[in-house]
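Work through the exercises below with the sequence and the 3D structure at hand. Try each task before reading its solution.

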Amino acid sequence: MLERVKRKWYYSVIVSLLVLLIVIPFDWFPGHYTTIMVLIGINTMVTVGLCLLLGYTGQVSLGHAAFYGIGAYFSAVLSKTYHLNPWLAMLIAAIATGAFAYVIGYPIFRLKGNYLAVATLALGVIVYILFGKLAPGGPDGIAGIPNLSIGGFAFDTWFKRYFLVWGFCLVVLLISQNIVNSRSGRALRAIHGSEAAAESIGINVDRFKVKIFVLSCVYASLAGSLLAHSMAHISPSSFDPMVSVIVVVMAVMGGLASIWGAVFGAGIVVMLKHELLLGFGELEIIIYGLILMLVMIFMPEGLFVWLKSSYVKLKELYIRWRLGQIRRGAET
Amino acid sequence: MSADQFVQYFISGLTMGSIYAIVGLGFTIIYAVTRIINFAQGEFVMLGGMLSFYLIKSAGIPLAPALILSVLITVVIGAIMYLLAIRTARHASVVSLIIITIGAAVFFRGIAGEIFPWGVDIVRPPYFTGSQSIAFLGAYVHPQAFWIIGTTVVVMILLHLFLTYTMVGKALKACAISPVSASMVGINPRTMALIAFTLAAALGGISGVVMAPLTLMSYSSGFMLGLKGFVAASIGGFKSPVATVIGGFTLGIVESLAVGIDWGPFTSAYKDVIAMTVLLLILLIRSGRLAEEERMS
Amino acid sequence: MKKYLMWALTLTLVLSLLAIGGIGCEEEGEEEPTPTPEVTATPVKEAYKVGAILDLSGPCSNLGIPEERTAEMMADQVNAAGGINGHPLEVIIYDTEGDSTKSVTLVTKLIEEDEVLAIIGPSRSGSSGAVIDTVTTSEIPIVSLAAARSIVVPVEERYWVFKTPQTEYEIIPEIYTYLQSADITDVAIISDTGGFGVAGRTLCNDLADDYGITIVDDQTFADADTSMISQMTHIKGENPQAVVCWSTDKGSAIVAQDMKTLQMDDVLLFMSHGVANKAFVQAGGEAVEGVIIPAGKLLAADEVPADDPQKEVLVSYRDDYEAIYGAGSIDTFGGHCYDGLSWVIMALEEMPEGLTLADARAFIRDAIEDMGTFIGTGGVYNITAEDHLGLGTGNVYMYEIVNGEWVWFK
Amino acid sequence: MSESILETRGLSKAFGGLIAVDKVDMAVETGKITAIIGPNGAGKTTLFNLITGVYPASSGDIFFQGKPLKKEHAHTRATLGIARTFQNVLLFGNMTVLENIMTGQHPRSRYGFLESAFRLPKAHREEETISLNAMKYLNLVGLGMHAEQNALSLPLGQQKLLAIARALATEPKLVLLDEPGAGLNILEKRELSDLIHRIRDMGISVILVEHDMPLVMGIAEWVIVLDTGKKIAEGTAAQIQKDPKVIAAYLGEDED
């Protein structure tokens, strides 16, 4: 019964999400929503990685903006300065980010809890400073990054980029969903549950931590590449330490223990920032702060879990009402 | 580097380190008692500094009472923040509570940019005792720097005594070691959490009012100050006040000497990189020992 | 139940805090964020919409706020005078938070949803660079309020982009010319690591040889730094005759203070036009006494000789602004917005009725480019197809801060 | 000694100055139920932790089926066939009962990230085996009807059974049970000893640490007694009960 409610609600969410996704980019939606949806897609990709790492494996990273940025900068520099094919640039960026994550993963995951948090934060600060110092363009960043294209078909409008980014995003979501419900996914959740117990049943804790870290960094790198090729401009400020914090906010707001929660988390944070609060001028950040607090106070497990439990509650209410109706019908 | 210069770098590092240390103390207390990383800690500092300027310049209150009042208001804000935002979130996990503190930080920043008459401009409250720098061991030191270092050391000692010799202090410590056992002997962890937040806000307020004359303050200064304080606290291992202050000093002196040691024209450009690398090295070297300790307990 | 009581309490608290803020604003006479078009006797024509994306919060909000105020003030003035050819002027202002990605979404929103005719902003170079691609493909004119020269160079790739503020190319030669005339050769540079600082630092190094100057030390600091004693100690060790500091308010004020602390009294201190505002002088206090700053003429509007072509516009803008926002509140950042919005208004005045949106945008762009000589607060502009800034020399004064006032340094 | 599945020689562990396990030599016979008893602080759990590799030994050697174990990681030892339960149970609270046991199958399955990401046929095949096996172990401990429940929603007795099932799911040759009887009522204890016998009958050697003497004496075929880190006696249950050193060790303690 429980399982079936879960399944049903699952499909309904995914189907409605897909319908919404298909509807949004067309003309009856105001044009710039496409732009915002592209950003949501990109942010979702970074957030999914963090959900896997923080929500499933229980390992925090406050430096994800670094990997997001490394992806973006590799893509930008390779495709603009060295005139590489953007797809190739994106691939190299992902491999480089993965390799970097792998190399630092082993030492850094000897740390736990808030030491891990501060170490990843430090990593983020270092990489951020180096972007401003060593990368071409310095603090002003790189402009004129070429679009991605397939054959002669260039992703040069937001409408086209929308499908590109959400295509990527859905693949990332599905892959992550598959992993979570597999042998590897159970190993990750076991590490979250108890590292000692996980070791005792033959799970190589260190290796799994590093593997999932590498995967989530590759997601971030892909997202960064997409950002670079969509915005045509990147600068270090898009990858500052605060961005890492915001990624964590998105993951927690959506619901850490669910892959699809990432869509909600990224969605609400991006929408708040880029659209919903625009009319409030200088009050914008006050309201933003308030909303962050309120969501976490009243939906501590995130939007997704809240929606799920609300759905179940509503369903219960409906069943009770129907039962009452039937009973009354029987009486008369 | 001449000897005079070395002293100058060292004292400069000590001054910055004191700032990081006292901000870090707030992190340590809240973390020890509640396991929350309080992202609003830097905002307490900002509020302390901004309020002191407001009370002195706009409300015309004399220096000493204005400073005390600023700290008191910050304390009240800290307590309210705990009661309204942290305590009401009963079923929230630590991660969710950390996000709440992020929300609170954004909220405080927004409020500070909005309610003060100077809006988003930078401000500088008056120096406590003039601006004529003092020659000291071949270096020149701003009188306010002595205030900053002195306050940090005094606060550290007081905090240490408080935690060691008072009932409340001991209860806080017990709660930090094990909330479950503490509650078994009748210590209410929620009261302890309230005290921790109040103390942290007080520390933030104090650091804010002491540093603002030298470092200047604007509504957006909080985040980066908080970050450095967090780093100082983690070098100290989130343990005792003394360890945290040593952590702060280490960070400050490393930053300062990174500028002083000449290895090319761009040294100062990389000082934060150097400081963060040192932090990483300290954490990694210590990680082996930390793991061992964890198994012991 | 207790929870809801608590929340009721917070809500009251927040509302009262906001009310305090509101009262504070009223005292300053601040208006609602978006001005409503004045109702005039003539039938109201469709409003001309102009977008503005400014740093209202974030690290450079001290730039964005005066720009916002200026834009609101000008819209009110235009509408009070009956609008532009009968069309009310509506300025739609959004906050970029200093975030370049948000700047791009805002520009898209202004172009596609608000359907504005032209855009003012962003306040900073990084964000300005980020929106160039979007405005170019969407074909809408934008007047940036940011400093970097790269915003309008190379001009063939910046067809739709203009800017008003002086760049380091107008300012640093002024400083170096002075240094040369005073026989000063040993100069140290200290700059922040942001776009503004890096641009200044680079040009300081590049131009040094032309003026016979040796750069004896080159230090930088980060936005978050709380003390520059270390950097200044290093500089002091190299014995410069003058220090050039290239940064914004906070860092610059700390540099000045720390130089005093180190008793480097005989070293001249030059700063950038990034600190040409009242808050810097107020926050710097006695520490910034004697600092020399090249900036536009706006700060010394009264001292500008009567025969200077800019005199009239400087005084009138200053008086209008300070009448609303208080005496001494003027700074050059608001002036940048004044010049930029003036260009757009001038173009709108010449615009024929009944153009399509795309044609209207193209018309405004052409009109700005063909404007000829324009006398603004930032100087005498002469925009051409080859130069989308159009500032020559002679638009900059050297100021010295004396007793907390901007004094013309001769 | 060909019959011993596990052997330690001079095994010691010191924490700082405290010697928790002091030169223990012992041999555990294949296919038998061996109990390790001793007063509190005797070093029983530390010994378990040394055998399973939670921490490295200070000195001495461990052999598993004649092969040295000392350099192997904890997870490798599990793969080699040493499973354990914990005193404080340590179930995975973020999973269902069934998933807990499926996780136990980790070392007996191979497919990784790549196969799971793209749901390759290998993943399907193995996943099927895993869930079949998991159900088997679940039924073995009699928790079949709770499969979809959250693991921590079970009462303590069933949680302990689940922990044993999870350990068995690694298909071990030797299973170490750390105080399986603590906190159980008489009925549950009876079920437990029954289960332990069945485990033995599956050909799995069992070592258990237990305080409940009747339980130990009822099922253990060999008993090893530790006191302050040293092995002070071993033998059959009957022999141990008469050993004066053992009696002294227990009488020295104020507890029962």
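This is a predicted model: local features need pLDDT of at least 70, side-chain atom pairs count only at pLDDT 80 or more; totals for chains, interfaces and linings use all residues.

**Exercise 1. The contact between chains A and B**

Task: Find how many residues each chain gives to the contact, and which helix supplies the largest share of the side of chain A.

Solution: 
- Step 1. Chain A contributes 32 residues and chain B contributes 39 residues.
- Step 2. On the side of chain A, helix H5 (113–134), helix H10 (241–254) and helix H12 (284–298) each supply at least two residues.
- Step 3. The largest share is that of H5(A), with 11 residues.
- Step 4. Sorted by type, this side of chain A has 27 nonpolar, two polar and three charged residues.

**Exercise 2. The largest nonpolar core**

Task: Name the residues with the most contacts inside the largest nonpolar core, and list what A:Val249 touches.

Solution: 
- Step 1. The core has 427 residues, and those with the most contacts inside it are A:Val249, B:Met50 and D:Ala165.
- Step 2. Helix H9 (residues 205–231) of chain A gives the most to this core, 17 residues.
- Step 3. Setting aside neighbours within four places in sequence, A:Val249 contacts A:Val269 and A:Leu292, and also B:Ile99 and B:Ile102.

**Exercise 3. A sheet in chain C**

Task: Give the strand order of the five-stranded open sheet in chain C, and explain why S2 and S5 stand at the edges.

Solution: 
- Step 1. The order is S2-S1-S3-S4-S5, with parallel pairing.
- Step 2. Strand S2 (89–95) and strand S5 (161–163) of chain C each have a single partner strand, so one side of each lacks a neighbour in the sheet.
- Step 3. From one strand to the next, the twist averages 25°.
- Step 4. Strand S1 (residues 48–54) of chain C pairs with S2(C) over seven bridges; C:Tyr48 has C:Leu89 as its bridge partner.
- Step 5. Helix H3 (residues 100–112) of chain C lies across S1, S2 and strand S3 (118–120), at about 175° to S1(C).

Conventions. Residues are numbered from 1 along each chain as its sequence is written. Chains are lettered from A and ligands numbered from 1 in the order in which they are written. Two residues are in contact if their C-beta atoms, placed from the backbone, lie within 7 Å. Helices (H or I, at least four residues) and strands (E, at least two) are DSSP runs, numbered from the N terminus. Ala, Val, Leu, Ile, Met, Phe, Trp, Tyr, Cys and Pro count as nonpolar, Asp, Glu, Lys and Arg as charged, and the others, Gly among them, as polar. A nonpolar core is a set of buried Ala, Val, Leu, Ile, Met, Phe, Trp, Tyr and Cys residues joined through C-beta atoms within 7 Å. A residue is buried if 20 or more other C-beta atoms lie within 10 Å of its own, exposed if 12 or fewer, and partly exposed in between; C-beta atoms are placed from the backbone. Two strands pair if DSSP finds at least two bridges between them. Axes are lines fitted to C-alpha atoms, for helices over the stretch in contact, and angles run from 0 to 180 degrees between N-to-C directions.
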